[in-house]
Amino acid sequence: MSFQDLIAEIDETNHDNFLKNNLSVMHFFSDWEMDCLMFLPIIESIAEEFSGKAFFGRVNIEEAEKIAKKHGVSRVPSVLFFKGGSLVDRIDKIDCEDHLRDKLMCLI
């Protein structure tokens, strides 16, 4: 399965529909932040592992600044978890695959 099939690009046009999923995981990142680049393989691996159990999307904070502000994201990489459109948990400045996996296991 390709990266695009696993993780949707989230912007103003699809943000609200994305959040309507039962469990949505929104990854906020920046192209210039080294921590974000190092986190990419982790989020891809987790998205593949939890495919069919959660929906994954990514938000470039430079291109979708309104979405980042709406959700109070000021640090990247950050991951927000939504159930039925409501924020249920978040990890700011994530750097550990196990931490992300544990959060998902608790929410499924």
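**Chat notes: salt bridges, sheet and surface**

User: Which residue does R101 form a salt bridge with, and how far apart are the closest N and O atoms?
Analyst: R101 pairs with E49, and the closest N and O atoms are 2.9 Å apart. Keep in mind that this is a predicted model.

User: Where in the chain do those two sit?
Analyst: R101 is in helix α5 (residues 97-107) and E49 is in helix α3, so the pair links distant parts of the chain, 52 residues apart.

User: What does the accessibility of E49 count as?
Analyst: Partly exposed, at 38% relative accessibility.

User: How many salt bridges does a search of the whole structure find?
Analyst: The search turns up 7. One of them joins K69 and E65, at 3.2 Å from N to O. Those two are 4 residues apart in helix α4 (residues 65-70), which puts about one helical turn between them. K69 is exposed at 62% relative accessible area, whereas E65 is partly exposed at 44%.

User: Ok, and what does D92 form a salt bridge with?
Analyst: With R90, where the closest N and O atoms are 3.2 Å apart. Both ends are partly exposed: D92 has a relative accessible area of 37%, and R90 has 25%.

User: Which residues are joined into one network by shared partners?
Analyst: E49, E97, D98 and R101, through salt bridges that share partners.

User: Switching to the fold. What's the pattern along the sequence?
Analyst: The chain reads α-β-α-β-α-β-α-β-β-α, which comes to 5 helices and 5 strands. Its radius of gyration is 12 Å, close to the 13 Å from the globule rule for 108 residues, so the chain is as compact as a globular protein of that length. The C-alpha trace spans about 30 × 30 × 25 Å along its principal axes, and 44% of the 108 residues count as buried.

User: And what order do the strands take in the sheet?
Analyst: β1-β3-β2-β4-β5, in an open sheet with mixed pairing. β1 (7-9) and β5 (86-92) are the edge strands; each has a single partner strand, so one side of each lacks a neighbour in the sheet. On average, neighbouring strands are turned by 25° against each other, ignoring direction.

User: How do β1 and β3 pair, parallel or antiparallel?
Analyst: Parallel, over 3 bridges, with β3 covering residues 55-60. Within that pairing, I7 has F56 of β3 as its bridge partner.

User: Last one: which residues make the nonpolar surface patch?
Analyst: M34, L37 and M38 make it, and the patch is about 320 Å². M34 belongs to helix α3 (residues 34-49).

Terms used
Residues numbered from 1 in each chain as written. Predicted model: local features only at pLDDT ≥ 70, side-chain atom pairs only at ≥ 80, totals over all residues. Heavy atoms only, no water. Patch = residues over 30% accessible without salt bridge, like charges linked within 9 Å, V, L, I, M, F, W, Y side chains within 5 Å. Areas by Shrake-Rupley, 256 points an atom, 1.4 Å probe, with all protein chains shown as cover. Salt bridge = Lys/Arg side-chain N within 4 Å of Asp/Glu carboxyl O. Pairing = 2+ DSSP bridges. Axes fitted to C-alpha atoms, helices over the stretch in contact; angles between N-to-C directions. Rg over C-alpha atoms; globule rule 2.2 N^0.38 Å. Buried < 20%, exposed > 50% of the residue type's maximum accessible area, 1.4 Å probe, protein only.
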